[in-house]
Amino acid sequence: VRFPEDLEDDNTTFNPEYSHQVFGDDEVAFGYKGLKILLYYIAGNLSTLFRIEYASKVNEKFDCVEADDVESKIREIIPPGFCTNTDDFVSLLEKEVNFKPFGMLLHTYSVHNEEAGEDITYQIYKADMTCPGFREYHERLQTFLMWFIETASFIDVDDERWNYFLVFEKYNKDGATLFATVGYMTVYNYYVYPDKTRPRVSQMLILPPFQGEGHGAQLLETVHRYYMSSPTVLDITAEDPSENYVKLRDFVLVKLCQDLLCFSPGKLMQGFSQEMVMEAQQKLKINKQHTRRVYEILRLRATDMGDAEQSRSYRLDVKRRLIGPYKKKQRELAKMRRCLRPEELTNQLNQIDLNMQHEQLEESFQQLVSDYRRVLERLAQA
């Protein structure tokens, strides 16, 4: 909500992707007809208005059952101090002009908005719990995780090893410049013996109204550039990354790596090298596993897949990496079957497994190439 009229505007409304963490695996609230759970957030400081509406509710006296206590379930995840009255919320909205982003400005960029017909400015800040008012703001911000990240949990904000990176949109209201929350990322700094740290991305969320506009890539690249300048950082990783995060990371890392000398077309065609591992780690804080994916994507760009020899060489190179887990599994199966089956049957079953694994390997390869092509298409448009 930026203006009072947004309260009645369905265009500013968005629905949760998940509600199982609040309402259980069936995602059901029992005992209501026409139930609406309404959460309004002021765009900048995220002050909250919480309302429940319904047409009717089961009555314990007559129906001998009790409706779910929806209000207490929501109260468990939103911090105290929220409004239940629209007038109180609107009066807070009038003070929004005083809200300013927390922490240190790292990056400013703009995105062209077709609807508005103009460029909109965004800024990325790094904050921590010493920033006045940030602790309370973060409590409100993290409530979005429960609705948009499948396995979300709230973090221990008293641990000083957390870093917070925030994205804001700058907008005008009655001649004043205001800020709207776009998204954020939390990063935990793990200790690596003897004197390094390994920042690990824990949570990352771009709010639904801003998704698909490139803010995730801007945020991830800004965070990488922030840590790249630190001599004590070994490399940057992510905790249990989603499929979408991996695709985003592929794009950002390829964008950062493509101008390194070790990734020149000539060197890419010679195969994956220790030089690539060293340069990507030292200059860009990228680990070996992620560097290998960057190499495969950039080598695909440098390969003429219409040329039989180049195509075959690329296919073998990628499949050699993909086959590792299959070979390990094959060895384990062989050991087990030697103990459990007659020798002839073992050989036959192994052969069946091998055929199946070749099919799976080809499927994995084709899926990977498809994902890599999408990264290269996005890179060409960047």
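Modeller: The two strands to begin with are β8 (residues 176–192) and β9 (residues 196–206), which run antiparallel and are joined by 10 bridges. Strands here are DSSP runs of E with at least two residues, helices are runs of H or I with at least four residues, and both are numbered from the N terminus. Two strands pair if DSSP finds at least two bridges between them. This is a predicted model, in which local features need pLDDT of at least 70, side-chain atom pairs count only at pLDDT 80 or more, and totals for chains, interfaces and linings use all residues. Residues are numbered from 1 along each chain as its sequence is written, and side-chain values use heavy atoms, with hydrogens and water left out.

Biologist: Which residue in β9 is the bridge partner of Val 187?

Modeller: β8 and β9 form a hairpin, with 3 residues between them. Across this pair, the bridge partner of Val 187 in β9 is Val 201.

Biologist: Which peptide bond is cis?

Modeller: Pro 194 is placed in the loop between β8 and β9. With omega near 0 degrees, the cis peptide bond is the one from Tyr 193 to Pro 194.

Biologist: What is the handedness of the β-α-β crossover from β9 to β10?

Modeller: 2 bridges join β9 to β10 (residues 237–238), and these strands run parallel. Arg 200 stands opposite Thr 237 in β10. A crossover counts as right-handed if, with the strands pointing away from the viewer, the path from the first strand over the helix to the second runs clockwise. The chain goes from β9 through α7 to β10, and this crossover is right-handed.

Biologist: Which are the edge strands of the open sheet of 6 strands?

Modeller: The order in this open sheet is β5-β6-β7-β8-β9-β10, with mixed pairing. An edge strand pairs on one side only, and the two that do so are β5 (104–113) and β10.

Biologist: Which residue in β6 is the bridge partner of Thr 108?

Modeller: β5 and β6 (residues 118–127) run antiparallel, joined by 9 bridges. The bridge partner of Thr 108 in β6 is Gln 123.

Biologist: Are α7 and α8 oblique or parallel to each other?

Modeller: The axes of α7 (residues 215–228) and α8 (residues 243–257) come within 10 Å and cross at roughly 55 degrees. Axes are lines fitted to C-alpha atoms, for helices over the stretch in contact, and angles run from 0 to 180 degrees between N-to-C directions. Angles under 35 degrees count as roughly parallel, over 145 as roughly antiparallel, 65 to 115 as roughly perpendicular and the rest as oblique. α7 and α8 are therefore oblique.

Biologist: How many nonpolar residues are in the contact of α7 with α8?

Modeller: Contact means heavy atoms within 4.5 Å. Leu 220 and His 224 are among the α7 residues that meet α8, where the partners include Tyr 245 and Phe 251. Ala, Val, Leu, Ile, Met, Phe, Trp, Tyr, Cys and Pro count as nonpolar, Asp, Glu, Lys and Arg as charged, and the others, Gly among them, as polar. The contact of α7 with α8 has 2 polar, 4 charged and, as asked, 8 nonpolar.

Biologist: How is α10 oriented to α11, and what follows from the angle?

Modeller: The axes of α10 (residues 274–284) and α11 (residues 288–302) come within 9 Å and cross at roughly 115 degrees. That makes α10, relative to α11, roughly perpendicular.
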